[in-house]
Amino acid sequence: MASDRPLENTDLSEFDGVWSAKVTGAWILHQLTQEMSLDFSVNFSSIASVWGGKGQGVYAAANQFLDGLAHYRSSLGQPTWSINWGPWAGENMADAKFKTKLSRLGITPLSPATGIRALKALLSTNLIQATVARIDWHLFQDIYQSRRARLLFEQIAPATTTKPTSRSQSSGVLLHQLKQTPKRELFTQIKTYLQIKLAKILKLKPAAIEPQQGFFELGLDSLMVVELKNCLDRDFETIFSTSLIFNYSTLDKLASYLEDFLNGQTEMKIQERENQLETKEIDSLNPQELEQLLVREIQEIETLISY
Ligand SMILES: NC(=O)c1ccc[n+]([C@@H]2O[C@H](COP(=O)([O-])OP(=O)(O)OC[C@H]3O[C@@H](n4cnc5c(N)ncnc54)[C@H](OP(=O)(O)O)[C@@H]3O)[C@@H](O)[C@H]2O)c1
């Protein structure tokens, strides 16, 4: 039922295919049942109606209709719930590719047993609308807010904005080891660490990651950038800028940045180098390469803010 297409490329028949099953169907059911004395009715809405989704405009709007209808029916005295479900496990309208995409955003499928338990629990509350989804808020929040702060997280901030305080043993150990490493070996150690992390994310062998090969040429996409950044944040016990991996996009460059970071170079020095690096790189591009770079940056940002 959900299409995966921007609104501007959606024709009327596609629009209708997504829209009518939910909106027309729900409205007919409402009309047929509004005089009945029902124990309850439940609209199966979606998280797409809460925070949208790339290519999901019609689906999001149709689900918003279900949410509005639940509030309307409740105002008429008909006990109605609208549940904004995250993806369910098993075979259903959310195909495996879509579920994989969502899981990289931190949204993993609910088991049917969990979904049913949540449904039963909600029916004993007087909430008219509720979101039920399994979400890694830290990962999702990083992606969702990569361009700007979102109202959604202001409203649920107390439970979600604090980074976990307990760090994995491996991250503490790594930082300790790197701090003990003689300066002349530090660069190589960091490079090896990055090679292992990148290989895991890219599903490649570590040796396949050449020191000067661009991460994006190797297949790193924007979600993987967030994954790598989260890894670095955790292992280096800091919060790096989201642009770090875009600006230092080879093994050598990123290792050199992290070496400076560990050697305690000031942010100012790093920022100066970052600016020089960007200017030097941009100056050396011909107009066609420059255009390609801009298109790629825009696409990366678009993907990051899709959810
Ligand atoms: N699955 C999820 O992860 C998920 C997440 C959030 C929300 N939801 C919502 O939960 C509901 C059920 O999803 P699902 O995954 O169980 O879907 P599904 O497996 O694809 O089943 C959809 C059902 O709707 C029927 N249907 C589709 N288009 C119709 C139309 N135009 N007129 C009448 N019936 C139509 C289908 O009938 P046929 O069998 O005859 O094709 C099928 O029985 C949907 O409203 C969906 O938006 C699902």
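This is a short talk through one predicted model, from the whole chain down to a few single residues.

Let's start with the overall make-up. The protein chain has 307 residues, and 21% of them count as buried. Its secondary structure comes to 15 helices and 5 strands. Now look at contacts between residues at least 6 apart in sequence. Of these, 65% join residues at least 24 apart.

How far can we trust the coordinates? Mean pLDDT for the protein chain is 83. In all, 79% of the residues reach 70 or more. Among the elements, strand 2 has the highest mean, at 98. Helix 8, residues 157–160, has the lowest, at 54. Then there is the stretch 164–169, where pLDDT stays under 50. For that stretch the model has 4 contacts beyond four places in sequence. As a rule, where pLDDT is low, the predicted coordinates should not be read in detail.

Next, the ligand. Which residues come nearest to it? They are Ala21, Phe44, Trp85, Asn92 and Met93, out of 11 residues around the ligand. Two elements each supply at least two residues of this shell: helix 1, residues 12–33, and strand 1, residues 41–46.

The largest nonpolar core has 39 residues. Five of them touch the most other members: Tyr59, Leu194, Ile245, Leu254 and Ala255. Which element gives the most? Helix 3 does, with 7 residues.

Leave out residues up to four places away in sequence. Ala255 then touches Phe187, Ile190, Lys191 and Leu194.

Stay with helix 10 for a moment, as Gln189 is found there too. Is Gln189 exposed or only partly exposed? Around Gln189 there are 18 other C-beta atoms within 10 Å. Buried would take 20 or more, and exposed would be 12 or fewer. So Gln189 is partly exposed. Leaving aside neighbours within four places in sequence, Gln189 is in contact with Leu178 and Thr181. Now compare Gln189 with Glu259. The two are 70 residues apart in sequence. In space they are 9.5 Å apart, C-alpha to C-alpha.

Most residues other than glycine have a negative phi. Lys203 has a positive one, near 55°. Lys203 is placed in the loop between helix 10 and helix 11. With 7 other C-beta atoms within 10 Å, Lys203 is exposed.

Glu237 also has a positive phi, near 50°. Glu237 lies in the loop between helix 11 and helix 12. Why does Glu237 count as exposed? Because Glu237 has 12 other C-beta atoms within 10 Å, and exposed means 12 or fewer.

Conventions:
Residues are numbered from 1 along each chain as its sequence is written. This is a predicted model: local features need pLDDT of at least 70, side-chain atom pairs count only at pLDDT 80 or more; totals for chains, interfaces and linings use all residues. A residue is near a molecule or strand if its C-beta atom, placed from the backbone, lies within 6 Å of it. Helices (H or I, at least four residues) and strands (E, at least two) are DSSP runs, numbered from the N terminus. A nonpolar core is a set of buried Ala, Val, Leu, Ile, Met, Phe, Trp, Tyr and Cys residues joined through C-beta atoms within 7 Å. Two residues are in contact if their C-beta atoms, placed from the backbone, lie within 7 Å. pLDDT is the predictor's confidence in each residue, from 0 to 100.
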